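I opened my notebook to look up the pockets and the ligand. My notes follow below.

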Amino acid sequence: MSGNRTFTMIKPDAVESGNIGNILQMISDAGFSIKAMKYTKLSEERAKAFYAVHAERPFYGELVEYMSSGPIVAAILEKNNAVEDFRALIGATDPAEAAEGTIRKKYAESKGRNAVHGSDSDENAQIEGEFHFAEDEVI
Ligand code: DAT
Ligand code: MG
């Protein structure tokens, strides 16, 4: 059975370009409700830890630098089939390959600076949510 929660971040490029409101509107219109949310900034150490699974990839250094370069919005979202439906809403990693109407198609700058994060499994949604939020911060 698929779970009903996922974790997202509005990344530094989308915050910088003034699209927090537009992206939250798309998330709300798609039927997700917010269980926790914060405006914050990842230190280099925290960005390294969050993306540790990608440590061996050639883009890891660039990814860590970018994700710690400016403020983000982190949130836990709820909806039936949350992980899969949210991945469909955000679109492919590379905005050039993302479907029309997806968040990344509309707001991402590039494959590296791609506007939003979405968890890729129920297990990672849980881990990533706990990375950013204490238990009593989740409604
Ligand atoms: P996704 O965010 O779609 O789950 P991922 O988990 O494969 O993609 O990679 C995590 C992030 O790393 C991604 O959102 C942007 C960055 N990234 C991935 N592949 C990249 C590449 N080839 N060049 C630069 N950045 C990349
Ligand atoms: Mg991923």
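I looked at the second largest pocket: its lining divides into 5 nonpolar, 5 polar and 4 charged residues. I counted Ala, Val, Leu, Ile, Met, Phe, Trp, Tyr, Cys and Pro as nonpolar, Asp, Glu, Lys and Arg as charged, and the others, Gly among them, as polar. A pocket here is an open set of points on a 1 Å grid over the protein atoms alone, where a 1.4 Å probe fits, with protein on both sides within 12 Å along at least five of seven lines; lining residues have an atom within 4 Å of a point. H7 gives the most to this lining, with 5 residues.

I noted that this is a predicted model, where local features need pLDDT of at least 70, side-chain atom pairs count only at pLDDT 80 or more, and totals for chains, interfaces and linings use all residues. Residues are numbered from 1 along each chain as its sequence is written, chains are lettered from A and ligands numbered from 1 in the order written, and side-chain values use heavy atoms, without hydrogens and water.

Next, the largest pocket. I found 27 residues lining it, with Tyr51, His54, Phe59, Leu63 and His117 nearest its centre. They divide into 9 nonpolar, 9 polar and 9 charged.

Where does ligand 1 sit? Ligand 1 sits in the largest pocket, as more than half of its atoms lie within 2 Å of the grid points.

I then checked polar contacts (pairs of N or O atoms within 3.5 Å). Arg87 has a side-chain N or O atom 2.8 Å from an oxygen of ligand 1. For Lys11 the distance from a polar side-chain atom to a ligand 1 oxygen is 3.0 Å.

Methods. Polar contact = N/O pair within 3.5 Å; in protein donor to acceptor, adjacent residues only side chain to side chain. Helix = DSSP H or I, 4+ residues; strand = E, 2+ residues; numbered from the N terminus.
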